[in-house]
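Please look over the sequence and the 3D structure below. A short report follows, with a heading for each topic.

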Amino acid sequence: MATPIGNLGDISPRALAVLAGASLIACEDTRVTGKLLHYFNISTRMMPYHDHNAARVRPALIARALAEPVALVSDAGTPLISDPGCKLVAEARAAGVTIVTIPGPSAVIAALSIAGLPTDRFLFAGFLPAKAGARAAAIAELAAVPATLAFYESGPRLAATLAALREGLGDRPAAVGRELTKRHEEMVTGSLSTLAARWADTPPKGELVVIVGPPLPAAAPEAGDIDSALTEALATMRVKEAARHVAERLGLPKSEVYARALALKATLGDG
Ligand code: SAM
């Protein structure tokens, strides 16, 4: 069951019908979901389901879901996306409960859809750790992933996170989505370093998604690098073998490296 990430008008008629028809709504915070139900005049009973009571109430929720329709709602966006529900869904499914999704907005997808960065492959990494060392380690794990990266972040930590991403990933193109679907929605794009500088002194208000483009293509090796790699290889290999070895190592066309290896061999031979 999905709820709006910012705008009540984003909820689908199907979601409202499911909420109205459920015998119970499990939700993170009954005050938040209560406002949604009140707005749409839905009187279904709610039960809190959050990190602190999940283990205790899960068996009763599953027993109930085996007999009657039970809905799961998060405070914003789609449940289970950086929100509670994973164990509930897994255990309910194992117990034989039929589970259906009511797709709705999710901040990560909303941000990706307007960031202008590649979306054919992306990795959603949720919230990065708050402590600098753990954050740097988490970023290092992502550095080689050949995909756009997406994170959730808070205003006070944004600039430090952008600077840490710049440090660990290089100065990639990025975007910060703020208050998506709400009155103060904005999407700011730029390199990681310009975005980090923008909020260095004044943290933004509201809810944020950070999108970072995929790894930058490696700089083409310079002629000097090719020559020194070839000279080293030619010391122990025949021309063809040296050219293949260097072409593979530097990611260059074999024919190009072979031509250069022949020229170098001639020079070395002359010397
Ligand atoms: N389940 C939610 C979803 O599907 O989007 C995410 C829940 S997570 C606990 C909350 C985080 O999502 C916020 O701290 C923020 O980083 C991001 N977020 C939620 N709503 C947002 C919005 N309207 N604009 C930008 N980011 C948002």
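## Aromatic rings

Phe124, Phe127 and Tyr152 form one aromatic cluster. This is a predicted model: local features need pLDDT of at least 70, side-chain atom pairs count only at pLDDT 80 or more, and totals for chains, interfaces and linings use all residues. Residues are numbered from 1 along each chain as its sequence is written, and side-chain values use heavy atoms, with hydrogens and water left out.

A pair of aromatic rings is described by the distance of the centres and the angle of the planes. Rings of Phe, Tyr and Trp (its six-membered ring) pair if their centres lie within 6.5 Å; planes under 30 degrees apart count as stacked, over 60 as edge-to-face and the rest as tilted. The structure holds three aromatic pairs. One of them joins Tyr39 and Phe40. This pair is edge-to-face, at 4.9 Å centre to centre and 80° between the planes. Tyr39 is exposed, at 55% relative accessible area. Phe40 is partly exposed, at 24%. Here buried means under 20% relative accessible area, exposed over 50%, and partly exposed in between (1.4 Å probe, protein chains only).

Phe127 and Tyr152 also pair. Their ring centres are 5.8 Å apart and their planes lie at 65°, so this pair is edge-to-face. Phe127 lies in strand β4 (residues 122-127) and Tyr152 in strand β5 (residues 148-154), so the pair ties together parts that are 25 residues apart in sequence. Helices (H or I, at least four residues) and strands (E, at least two) are DSSP runs, numbered from the N terminus. Phe127 is partly exposed, at 49% relative accessibility. Tyr152 is buried, at 11%.

## Nonpolar cores

A nonpolar core is a set of buried Ala, Val, Leu, Ile, Met, Phe, Trp, Tyr and Cys residues joined through side-chain atoms within 4.5 Å. The largest core has 24 residues. Which residues touch the most other members? They are Phe151, Leu162, Leu165, Val176, Trp199, Val210 and Val212. Elements giving two or more residues to this core include α6 (132-142), α7 (155-169) and β8 (207-212). The largest share, six residues, comes from α7.

Take Val212. Leaving aside neighbours within four places in sequence, Val212 is in contact (heavy atoms within 4.5 Å) with several residues, among them Leu117, Phe151, Leu165 and Leu192. A second, separate core has 14 residues, including Ile226, Ala247, Leu252 and Ala261.

## Positive phi angles

Most residues other than glycine have a negative phi. Where is Glu179 found? Glu179 is in the loop between β6 and β7 (186-191). Its phi is near 50°, a positive value in a residue other than glycine. Glu179 counts as buried, at 14% relative accessibility.

Thr181 also has its place in the loop between β6 and β7. The phi of Thr181 is near 70°, a positive value too. Thr181 is partly exposed, with a relative accessible area of 26%.

## Around the ligand

Around the ligand there are 19 residues, each with a heavy atom within 4 Å of it. Thr78, Asp83, Ser106, Ala107 and Leu208 come nearest.

An oxygen atom of the ligand is 2.8 Å from a polar backbone atom of Thr78. Another distance, 2.7 Å, runs from a ligand oxygen atom to an N or O atom in the side chain of Ser106. A nitrogen atom of the ligand is 3.3 Å from an N or O atom in the side chain of Glu207. Taken alone, the ligand exposes 580 Å², and the protein buries 90% of that. Accessible areas come from the Shrake-Rupley method with a 1.4 Å probe; for residues, only the protein chains shown count as cover.

Key: Polar contact = N/O pair within 3.5 Å; in protein donor to acceptor, adjacent residues only side chain to side chain.
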